[in-house]
Amino acid sequence: MKKRILFTLIFSLLLSVFLSISALAAQHGTLSLSASGAVKAGDTVTLSVKLTGAESIDGIAVTPIYDETKFELTGGSWKVNGVITDFSVDTKDGVIAFAEGTAVNTTILTFTLKVKSGVEAGAYTVGCSAEVSSTDKAKSTLNAETQVKVSCSHSFTVKNTDSKYLKSAATCSSAATYYYSCSKCGEKGTTTFKSGSALTHTFDQKNTAEKYIHTAGTCTKAAVYYYSCKCGSKGSETFVGADPDHRYAETWSTDKDNHWLECSACGERKDQAAHVPGPEATEDSAQVCTACGYEIAPAIAHQHDFTKHWYSDDATHWGKCGCEEESQPTAHTWDNGKVVSEPTAKKQGAVVYTCTDCGRTKLEYTDPDPSKSDRTSSEKDGDGSFGIGALVGVLGGILVGAVGVYLTLVKRKK
Ligand SMILES: [Zn+2]
Ligand SMILES: [Zn+2]
Ligand SMILES: [Zn+2]
Ligand SMILES: [Zn+2]
Ligand SMILES: [Zn+2]
Ligand SMILES: [Zn+2]
């Protein structure tokens, strides 16, 4: 039990001490410092001193802290009101006093530092110290610091020919061009200078463009050219171009007998040969050389043939060609006629005429012939038309003959 009482006692004591310290810290707040931005040598930077979370404050004394070889204090002013607000460049500090306990939670003071000339580029630590007192007579010293970035106040005066300053390399016509660099930090500027001299031409290029021709070539003699430099300049030394050769056409030249490949420069011929006749010309296609396509004989002009298909009327006939063309109608050319029925004393005769061109027939009657006598009854029985009886007789004879042949064949088979 004694141990427990002792433990509780010690714990309570520690807790009260901790709480009293917290209360004290909260009362005087937190100090911070910030710079207005990057500056160059000779410029002035403004630093803002901020006190936050302070209560019941009755006085503050601020002292800027800086490297006097690099900075010079040029001014300072309080940003809050008090019964006394004082800042001295000579004593390098500022003091403020409040009439009563004041809560502070803002920027309280700004001071300006001029960067001394000759200060090199870099980041420099600047600070301040604030002695804060409260109405309960408690005092505490707060500190803060920040970095002031000093950039180079370039002086692009150095002609450094290191490759990193190269703008364009030397050519046959121009020296190399470099950017000036900063004498302090080495940074590359934007102005340029030339260094060295232009390169000398190197005439080692075998360019066969027309402008380098020394002596033009022929089909049997190679051309001669001047050597050139990579920059295009023409040298004075020469070289012989590619071996000479004829420039034969890729298509055949022809006359009525032969075909050949001809050199466009000198007219020299190669592969000359007589045409190779293809199939004979027809109405549809010409006869051509199977090697070069030369037309040996033109296609044959179409000749109408009107005798294959005849058309006719009583008076005329006309033919039709395979190409659908029809000839002009012309009168039939009748033959001497064939008597199909002789006239008798009382009956008319009949004659069939045939056109010797188109084969059309016509029937004509002849007058009765008193010198003939009516002999056959079949002829007598006719109704005035030509030999029906004779026709029937002929057809009957054919029928009888056919039956006879058929019977003979049947008998032979048996
Ligand atoms: Zn510089
Ligand atoms: Zn050149
Ligand atoms: Zn040639
Ligand atoms: Zn040919
Ligand atoms: Zn025709
Ligand atoms: Zn006819």
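Modeller: The strands β16, β17 and β18 form an open sheet in that order, with antiparallel pairing. Strands here are DSSP runs of E of at least two residues, helices are runs of H or I of at least four residues, and both are numbered from the N terminus. Two strands count as paired if DSSP finds at least two bridges between them. β16 (253–254) and β18 stand at the edges with a single partner strand each, so one side of each has no neighbour in the sheet.

This is a predicted model, in which local features need pLDDT of at least 70, side-chain atom pairs count only at pLDDT 80 or more, and totals for chains, interfaces and linings use all residues. Residues are numbered from 1 along each chain as its sequence is written, while chains are lettered from A and ligands numbered from 1 in the order in which they are written.

Two bridges join β16 and β17 in the antiparallel sense, and Ser 253 stands opposite Trp 260 in β17. The hairpin from β16 to β17 passes through three residues.

β18 covers residues 269–274 and contains Asp 271. Asp 271 has a positive phi of about 60 degrees and is not a glycine. Most residues other than glycine have a negative phi. Asp 271 counts as exposed because it has 11 C-beta neighbours inside 10 Å. The scale calls a residue buried if 20 or more other C-beta atoms lie within 10 Å of its own, exposed if 12 or fewer, and partly exposed in between, with C-beta atoms placed from the backbone.

Lys 92 also has a positive phi of about 60 degrees without being a glycine. Lys 92 is in the loop between β5 and β6, and its 15 C-beta neighbours inside 10 Å are why it counts as partly exposed. Asp 90 sits in the loop between β5 (84–88) and β6; it counts as exposed because it has 6 C-beta neighbours inside 10 Å.

As for the rest of the chain, there are three helices and 26 strands, and 14% of the 414 residues are buried. The largest nonpolar core has 29 residues, among which Leu 47, Val 49, Ile 60, Ile 108 and Ala 130 touch the most other members. Such a core is a set of buried Ala, Val, Leu, Ile, Met, Phe, Trp, Tyr and Cys residues joined through C-beta atoms within 7 Å. β3 gives the largest share of this core, eight residues. Beyond four places in sequence, Leu 47 touches residues including Leu 33, Phe 111 and Val 126; a contact means that the two C-beta atoms, placed from the backbone, lie within 7 Å.

On confidence, pLDDT is the predictor's score for each residue from 0 to 100. The chain averages 87, and 84% of the residues score at least 70. Over residues 16–26 the pLDDT is below 50, and this stretch has two contacts beyond near neighbours in sequence. Residues 377–414 also stay under 50, with 18 contacts beyond four places in sequence.
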